[in-house]
Amino acid sequence: MSTPIEQAADILSKAKSVVALTGAGISVESGIPPFRGKGGLWEKMDPMEVAHIDAFMENPKRVWDLLIKDMKTVLDKARPNAGHTGLVELEELGRMKTVITQNVDGLHQVAGSSDVIEFHGNFAWQRCLDCGQSMPTGQVDLAQSPPQCSCGGILRPDCIFFGEMIPTEALVRSQQVSADCDVMLVVGTSAMVQPSASMPFIAKDNGADVIEINPEPTPLTGRISNLHLMGRAAGLMPKLVAAVRQRLHPS
Ligand code: OAD
């Protein structure tokens, strides 16, 4: 009986079009806490009070002080881990086309993935609520709370808050690549937040194999995903890549 990694490698090595859907779990080993589960951000605070657009518009200073400043400190230090680089290696092997990520940390691009759909935006930029001008997060003056644009308007991260629409292009392209892939690799997401959680359903409905990498089961496990590699992305991904490489280029 082959192991789940061997079975996943068999599927991936024969695949023509592979798409990944990633979530906070893939960046945990880069030092970024997840949202749900043990040590998750939403254990300590209510997302409706700090990550909903209405909460931000009502009191931007509070949301900057409780959430965004800490996010900046954590994300400034974060570097890609073996989970991110594993997806790049799969791309080099011709077995990864597009990464759809719910993460706003930009680590897939830093690692070298060439086609990344940022479903929830990117924290690297801030946008002025008044004039709309964008500014790199690194240039924001944190001494002010909430930080302001040169026009005096309040800055907000260029990410999606709860209660906001997913950028149309990201949504439409994600639906397209999910429908067109023959394998979807779902890494480090609890698959609890819509509409990103619907991408594996779209893939499955269109005949794709769905492979999960996650230390915990999710609502997809055993229903939508036909394989669950149980463990941490940074630990499992190098083993999966090695097994795919071995099948494509036997030594
Ligand atoms: P969650 O925090 O909901 O889920 C993280 C998942 O990663 C869980 O299923 C964990 O079991 C798993 N996990 C933890 N450590 C891992 C590791 N080392 N390797 C692999 N998996 C690991 O994060 P998301 O599913 O990304 O949205 O959350 C989706 C959205 O909810 C986020 O984009 C954010 C959040 O609220 C907004 O803020 C709009």
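Start with helix α5, residues 60–77. At 1.5 Å a residue, its 18 residues should span 26 Å, and its end C-alpha atoms are 24 Å apart, which agrees. (The expected span is 1.5 Å times one less than the number of residues; helices, H or I of at least four residues, and strands, E of at least two, are DSSP runs numbered from the N terminus.)

Before moving on: this is a predicted model, where local features need pLDDT of at least 70, side-chain atom pairs count only at pLDDT 80 or more, and totals for chains, interfaces and linings use all residues. Residues are numbered from 1 along each chain as its sequence is written, and side-chain values use heavy atoms, with hydrogens and water left out.

Now select L66. A kink of about 35 degrees in α5 is centred there. (The bend is the angle between axes fitted to the seven residues ending at a residue and the seven starting there.)

Next, colour the buried residues of α5: P60, V63, W64, L67, I68, K72 and L75. (Buried means under 20% relative accessible area, with a 1.4 Å probe and protein chains only.) They pack against α2, α3, α4, β4 and β6. (Contact means heavy atoms within 4.5 Å.)

Go to S13 in helix α1, residues 4–14. S13 is buried, at 12% relative accessible area. S13 touches R95, V244, R247 and L248, leaving aside residues up to four places away in sequence.

Finish at the sheet. Six strands form an open sheet in the order β3-β2-β1-β7-β8-β9, paired in parallel. (Strands pair if DSSP finds at least two bridges between them.) At the edges are β3 (116–118) and β9 (227–229), each pairing on one side only. Select A20: V99 in β2 stands opposite.

Technical notes. Buried means under 20% relative accessible area, exposed over 50%, partly exposed in between (1.4 Å probe, protein chains only).
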